[in-house]
Amino acid sequence: MENIKAIRGFDDVFFEEAKKFRFITNTFRELFRIYNFEEIILPIVEYKELFDRSVGEITDIVQKEMFVFEDKSKRVLALRPEGTAGVVRSVIENGLLYKKPFLKLFYEGPMFRYERPQSGRKRQFHQIGCEVLGLEDPASDFEVIKLCFEAFKMLNIDITLEINSIGCPVCRPSYREALTSYLTNVEGLCKDCEERRFKNPLRVLDCKVETCKDLTKEAPVMLDYLCEDCSNHYKSLKTYLDTFNIPYKENPRLVRGLDYYTKTVFEFIKDGLTLLAGGRYDNLIESLGGPKTPAIGFAAGIERLMLFTEAKSEEPLYTVVYIEDTKLEAIKVANELRKNGKRVEIILKGSNLKKKLEIADKIGASFAIIIGPDELKKGIYILKNMFTKEQKEIKNLGDI
Ligand code: HAM
């Protein structure tokens with residue numbers, strides 16, 4: 001019988017990669033703490049309709065990429081492809097907006113999209129992200145972007161921030177009209193764009209196919225159509241970014257692949273790959289049945305960040321190597337060192353001192369504390385530096 005394998009695009013994460021993963025999530029968690037965010041933990045499965053109504057029916061995510069299934073009661077469910085929809089659903093359902101003047105929530109967890117798996121693109125991937133609900137001030141856009149910027153600094157990733165404004169229901173219709181009429185005269189678009197040009201024309205600007213990029217080079221851009229409110233919002237955001245020295249590139253073709261955005265959209269890009277993305281969505285909460293509430297958020301793709309992250313260098317590993325009948329003493333030593341916060345492994349494998357030291361080496365020990373009957377009698381331990389091979393006698397574990 002053949003061994004069972006993991007499903008394509010569903011990866012196991014272990015050893016160094018798992019360390020990178022945690023380094024990334026801990027970095028964001030620390031930033032969420034100092035920016036005063038609270039955690040929200042949400043279900044992985046939601047009604048499919050939630051994503052139809054938020055991410056949008058004419059998006060790749062909903063049309064092509066969702067894991068959809070019926071449960072035993074014939075409910076149509078989906079594995080969440082992203083986190084924002086669930087946060088908004090929960091905030092409305094639990095009346096959270098009535099409990100606080102504004103909400104700052106962060107989340108972390110697996111998301112699912114049926115994409116073609118490749119480096120940095122998985123079918124099960126992980127996001128860490130946040131949503132700020134109830135603030136329309138462009139300074140809140142700035143704060144969210146600043147937090148991301150700090151994260152990349154802490155992760156030591158050199159990154160490009162791209163921003164754009166995609167307007168609002170006041171100004172977008174006239175832009176959409178201009179864009180649609182421009183696209184009507186364009187021939188040779190890819191099959192997807194042929195469909196998008198009438199149903200979701202903004203997405204044509206985002207197409208990755210070279211001929212489509214070329215054909216739409218001269219297309220009108222949203223920035224030229226912004227209403228006064230959107231234009232002022234965008235200008236203020238840029239002023240904050242300039243004032244606090246956050247470098248950015250304006251990309252008038254940045255439109256994002258989800259329908260709920262208004263005004264500010266942004267992406268943090270490295271070598272052509274978007275590692276983190278977000279934007280404002282001032283109408284989503286109302287459109288899902290909640291009170292009219294402005295909002296902004298982002299999500300970072302943890303697997304993508306991992307491609308550019310070095311795991312932090314490790315703290316030293318202390319091993320306890322014992323001979324003959326000193327196992328109990330070895331356990332006591334380990335207990336004591338752990339109480340002092342040291343990372344400790346008792347070498348429980350290997351039949352003699354030599355073998356135990358070899359094993360200690362193989363698991364990456366920095367030090368071995370060697371105990372045998374002679375040492376026990378004298379009330380000492382031998383501390384061996386596994387790199388220099390130096391050995392010294394110590395009396396007190398506190399001296400380690
Ligand atoms: P998104 O751009 O669809 O936005 O995804 C955010 C990030 O998730 C991407 O920039 C990428 O790093 C990562 N990502 C997406 N798909 C995959 C995949 N198949 N494999 C690995 N990583 C992936 C959102 O999801 C919005 N909810 C962000 C947001 C929050 N906007 C406002 N609030």
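The structure is a predicted model, in which local features need pLDDT of at least 70 and side-chain atom pairs count only at pLDDT 80 or more, while totals for chains, interfaces and linings use all residues. Residues are numbered from 1 along each chain as its sequence is written, and side-chain values use heavy atoms, with hydrogens and water left out. Helices (H or I, at least four residues) and strands (E, at least two) are DSSP runs, numbered from the N terminus.

**The ligand site**

- The ligand has 27 residues around it, and Glu 82, Glu 115, Lys 122, Glu 131 and Tyr 261 come nearest. A residue is near a molecule if one of its heavy atoms lies within 4 Å of it.
- Phe 298 has a backbone N or O atom 3.3 Å from a nitrogen atom of the ligand. A polar contact is a pair of N or O atoms within 3.5 Å; within protein, one must be able to donate a hydrogen and the other to accept it, and residues adjacent in sequence count only if both atoms are side-chain atoms.
- On its own the ligand has 660 Å² of accessible area, and the protein covers 96% of this. Accessible areas come from the Shrake-Rupley method with a 1.4 Å probe; for residues, only the protein chains shown count as cover.
- Two or more residues of the shell come from each of β6 (124-133), β10 (273-280) and β11 (295-301). The largest share, six residues, is given by β10.
- By type, the shell has eleven nonpolar, eight polar and eight charged residues. Ala, Val, Leu, Ile, Met, Phe, Trp, Tyr, Cys and Pro count as nonpolar, Asp, Glu, Lys and Arg as charged, and the others, Gly among them, as polar.

**The nonpolar cores**

- In soluble globular proteins, nonpolar side chains tend to be buried together.
- A nonpolar core is a set of buried Ala, Val, Leu, Ile, Met, Phe, Trp, Tyr and Cys residues joined through side-chain atoms within 4.5 Å. Buried means under 20% relative accessible area, exposed over 50%, and partly exposed in between (1.4 Å probe, protein chains only).
- The largest core here has 91 residues, and Phe 28, Leu 133, Phe 266 and Phe 298 have the most contacts inside it. Helix α5 (residues 138-155) gives the most to this core, with nine residues.
- Leaving aside neighbours within four places in sequence, Leu 133 is in contact (heavy atoms within 4.5 Å) with residues including Val 87, Val 88, Val 91, Phe 102 and Tyr 281.
- A second, separate core has 16 residues, among them Tyr 318, Val 320, Ala 330 and Leu 397.

**Helix α4**

- Helix α4 (residues 84-93) is largely enclosed by the rest of the structure, because seven of its ten residues are buried.
- These buried residues are Thr 84, Ala 85, Gly 86, Val 87, Val 88, Ser 90 and Val 91. They pack against β2 (45-47), α2 (48-54), β5 (103-112), β6 and α10 (284-287).
- Just after α4, Gly 95 has a positive phi of about 60 degrees.

**Positive phi outside glycine**

- Glu 324 is not a glycine, yet its phi is positive, near 50 degrees. Glu 324 is in the loop between β12 (317-322) and α12 (327-339) and is exposed, at 59% relative accessibility.
- Lys 389, also not a glycine, has a positive phi of about 70 degrees. Lys 389 is in the loop between β15 (381-385) and β16 (391-394) and is partly exposed, at 47%.

- Arg 203 lies in the loop between α7 (191-199) and α8 (210-215) and is buried, at 10% relative accessibility. Beyond four places in sequence, Arg 203 is in contact with Asp 60, Arg 196, Val 255, Arg 256 and Gly 257.
- Arg 29 is in helix α1 (residues 15-34) and is partly exposed, at 30% relative accessibility. Arg 29 touches Glu 39, Phe 106, Glu 108 and Ile 128, not counting residues up to four places away in sequence. Arg 29 and Ile 128 are 99 residues apart along the chain, with their C-alpha atoms separated by 8.8 Å.
- Asn 283 lies in the loop between β10 and α10 and is partly exposed, at 24% relative accessibility.
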